[in-house]
Every structure is written in structure tokens, then in C-alpha cells.
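Please look over the sequence and the structure shown here before reading on.

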Amino acid sequence: MRQLTLDRLDELSLEGMKRALKAQLANPATRDLSFEDRLELLLQAESELRQEKRLATRVKRAGVRQNARLEELDYRAMRKLDRSLLDSLASCRWIKEKRNVILVGPTGIGKTFLSSALTLKACEEGFAARYYRAPRLLHELEIARADGTHKSKLASLARVDLVVLDDWLVAPPSDGHRRDLLEMLDDRYDGKSTMICSQLPVEHWHEAIGDPTLADAILDRLVHNAYRLEIQGESLRKTRGLAQAEIGIIDKTTKA
């Protein structure tokens, strides 16, 4: 009878309940629980497993570049980081408010780590997210325009709660890229959230975009309702590289 019950749970794809029932059967202490209490434990196990699977799916679709957590953030390395603002962003209220976030700082300072951590936090809170390197996304939109899937690609982006564009303006955009950025940001304006990561200070974006008219339109939809985090400090890649070099020197000295 027990095996039939377990098989039936398999048929119904109730994996969490099956695991919990096996645990109950192996634990004599559960025999003292009422039927209602045992059933509640089974339902709770199924609910928790489904939540874990939904989160795993959201994280996979997001395509974040690092498995980063805000709890692991090194505030000492990231100088002048507004901790109170970061704590506020961690609540994901900004996504509910349909606002944007701009992360600016030199290369290697930890922008990708921070943006990945905020994206993972959004996934944990139930939001759909997509993480892109801006040049790669613009290339994908260029291909989509050529093969006739451009409208559907933009429509798909417009439905995502959070789109992250890393390496923003790392290279001068073409006219087609500028128009794609405007279309995408116009679709998302006041409806969804966008996060930008850039080495270039915001005051230089207008010039970097190139076309004054399109630059005005793009920045109007992106900057004015955005929270800004400016990060200063030594390159984490550089400092880690120096630390590893020092370890190597110490190791060689010890061996000698």
C-alpha cells in the first residue's frame, strides 16, 4: 500500500510530497502527529519544492554572469558606495515602482558582481529578469531585424520585469543600435525596470551615444527616474592578482 501511494505521487508529479512522505515513514516520531498535521507537512514540502524549481528557472533564464550575493559584498573595496541606497535596492521596491538603476565605476571594481547580486535578488522576489552585455544584445537585435523577428524580440524584452545591460556604451553605437535602444527603452519606460552598468560617467553618455536627438530621447527614458550608484576604488581584479602574486612569492620563499 505504501509503494502504491508513492507510485501515485510520482504519477501526479508530487515530488515534494513523495520525499516528505518517505521521511515521515522513516521517522517513528511522526506517528504521534495527527493526520491533519502530517498532511500539512506534506503540502508544505511540495510547496517549498515548487518554489525552489520556479526560482531555479527564473535564475537560469536571467543568465546572470556571476552567482553573487549581496551578503558577500566587500564594502571596504567599493569606496563611497551608498550602503543605505543599496539596502533599499535589495528590497526590490524599485522594480515594483518601475524605476531604473545605474551602476557606474571603473573596470574591475565590482559592477558585474553587484548587478548580478541585485538580479538574483529580483529573481528570489519573483521577478522575471534578463542579463545582457549591451553589445551582444544590440547584435542580437541587428540579426533579428534581418531575419524578421525584430518586433517579437522587442516585444519579448518589453514583458521582462528587469533587463540588465552590462558594458553600456563600451563602444560607440551605430545608428541602428541607437534606434534599437530607443525602441527598447521606450517600450519599458514607466512600465518595467532597466539596470545599466557602465565604466563611463553619466555626464558623458550624451556625447558617447552620438546623435544628439536620439541621445536626448534615450537618456530621457533612462536617467531621470533612475537610482544611481557610483563606485570608486581599486580594481578588484588587480588587487586579487597582487594578492595571488604575493602568495606565490611567499610559497616560493617557504619552499626555498
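**A strand and its surroundings**

Along S1, the residues Asn100, Ile102 and Val104 point one way while Val101 and Leu103 point the other way, and all of them are buried, where buried means under 20% relative accessible area, exposed means over 50%, and partly exposed lies in between (1.4 Å probe, protein chains only). The model is a predicted one, in which local features need pLDDT of at least 70 and side-chain atom pairs count only at pLDDT 80 or more, while totals for chains, interfaces and linings use all residues. Residues are numbered from 1 along each chain as its sequence is written, and side-chain values use heavy atoms, with hydrogens and water left out.

**Strand S1 and its partners**

- Strand S1 covers residues 100-104, and because five of the five are buried, the strand is largely enclosed by the rest of the structure; helices (H or I, at least four residues) and strands (E, at least two) are DSSP runs, numbered from the N terminus.
- S1 runs parallel to strand S5 (residues 226-230) and is joined to it by five bridges, and two strands count as paired if DSSP finds at least two bridges between them.
- Within S5, arginine 228 stands opposite isoleucine 102.
- Strand S4 (residues 193-198) also pairs with S1 in the parallel sense, over four bridges, and there methionine 195 is the bridge partner of valine 101.

**The whole sheet**

- Five strands form an open sheet with parallel pairing, in the order S2-S3-S4-S1-S5.
- Strand S2 (129-133) and S5 stand at the edges with a single partner strand each, so one side of each is left without a neighbour in the sheet.
- From one strand to the next, the twist averages 15°, with axes taken as lines fitted to C-alpha atoms (for helices over the stretch in contact) and angles running from 0 to 180 degrees between N-to-C directions.
- S2 is joined by five bridges to strand S3 (residues 162-166), the two running parallel, and arginine 133 stands opposite aspartate 166 in S3.
- Helix H4 (residues 83-90) lies across S1 and S5, and runs at about 135° to S5.

**Asparagine 100**

- Asparagine 100, which is found in strand S1, is buried, with a relative accessible area of 3%.
- Its side chain makes a polar contact with the side chain of asparagine 225 (3.0 Å); such a contact is a pair of N or O atoms within 3.5 Å, and within protein one must be able to donate a hydrogen and the other to accept it, while residues adjacent in sequence count only if both atoms are side-chain atoms.
- Leaving aside residues up to four places away in sequence, asparagine 100 touches several others, including Trp94, Lys192, Arg221 and Tyr227, where contact means heavy atoms within 4.5 Å.
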